[in-house]
Amino acid sequence: MRGYRQASIKRGLFRRQIYLSPAGQGKIILLQLHLAFSRVLAIDPVMSTKSTLKLALIAATTGALFLTSGCAGKGGNKDTAYVARDVDTLYMAAKKRLDRGDTRQAAALFDEVERQHPYSPWARRAQLMSAFSYYVARDYAKSVQSAQRFLSIHPGNKDAPYAFYLIALSYYEQISDVSRDQKITAQAKQALTEVSRRYPDTRYAKDARIKIDLVNDHLAGKEMTIGRYYQRSGKWLAASMRFRNVVEEYETTSHAPEALYRLVESYLSLGVPEEAKKAAAVLGANYPGSKWYKRSFGLMQEHAPAIAAN
């Protein structure tokens, strides 16, 4: 995905003040989206109608927790060991880990919030924070699992768009080079399309549509790679089927002009110059100034001059 990474959301940007960036790189769109989302997930006045004394006690308890964890050294991480803790302390411990950029430990602690306090309002928030933490840690499988668990329990929740978006991003970040299997790419396209279909007027959908274009270009690139291989092997019919698929399914991608030219090559090699002429005509009508049209025109003049003249 080297050609597409520049246009995609980069990893490593966390919510301002609340999250840190261990890689030091910006993820501008995710920052904007997560800022709005995190206002709900962060500790808010409604959820924090506690006395000043209790908040102070929570802070003191949390501080003692991390001091104890720091002293543990190589003896084990006591943060994520099962210790019965009240939901406020446990959630704040997870948030503290996320502040420090320790995303895997943060995710484990957010999972612990849900495990110890499954009926608390914090459990719902912890599920999504766990999904986000796993995403930033590049543990995409667990990020998808956490987000899907949230959607299965809270399908109509107002934060569902964010959960769908995290699932789509987790698949998108795993897209591999066109020389490899593109199953994940297809899953990314499906997830991004779901975001755009379900929530068309959101910022998540706007970003999803941009990524769908990039995914289509990638899938078209895979088809072109296979088609060229068939051409080199002399399997002209198989090659033409791949190039036709690019023209019909991915006509708006950057690969369409070359696909049309390759169709001209394949049809001439198969001995069907009339079909080659049709492909060349489509190429000339849509990409008259491209190098691929000039090449196809030359091929037609060389191998089927009578048909090209008509």
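**View 1. Arginine side chains over tryptophan rings.** In this predicted model, Arg125 lies over the face of Trp122, at 5.5 Å from the ring centre. Likewise, the charged end of Arg295 is placed over the Trp292 ring, 4.8 Å from its centre. A charge sits over a ring if NZ of Lys or CZ of Arg is within 6 Å of the ring centre and within 35 degrees of the ring normal. Trp122 also belongs to a cluster that ring pairs form with Tyr91 and Phe110.

**View 2. The pair Tyr135 and Tyr140.** The structure holds 9 aromatic pairs (Phe, Tyr and Trp rings, the last by its six-membered ring, with centres within 6.5 Å; planes under 30 degrees apart are stacked, over 60 edge-to-face, the rest tilted). The ring centres of Tyr135 and Tyr140 are 5.8 Å apart and their planes stand at 55°, so this pair is tilted. Both Tyr135 and Tyr140 are buried (under 20% relative accessible area, 1.4 Å probe, protein chains only).

**View 3. The pair Tyr162 and Tyr204.** With centres 6.0 Å apart and planes at 75°, the rings of Tyr162 and Tyr204 are edge-to-face. The pair links distant parts of the chain, 42 residues apart: Tyr162 in helix H8 (residues 160-172) and Tyr204 in helix H10 (residues 203-232). Helices are DSSP runs (H or I, at least four residues) numbered from the N terminus. Tyr162 and Tyr204 are buried.

**View 4. Helix H8.** Of the 13 residues of H8, 13 are buried, so the helix is largely enclosed by the rest of the structure.

**Notes.** Residues are numbered from 1 along each chain as its sequence is written, and side-chain values use heavy atoms, without hydrogens and water. Local features need pLDDT of at least 70 and side-chain atom pairs count only at pLDDT 80 or more, whereas totals for chains, interfaces and linings use all residues.

How values were computed
Buried means under 20% relative accessible area, exposed over 50%, partly exposed in between (1.4 Å probe, protein chains only). Helices (H or I, at least four residues) and strands (E, at least two) are DSSP runs, numbered from the N terminus.
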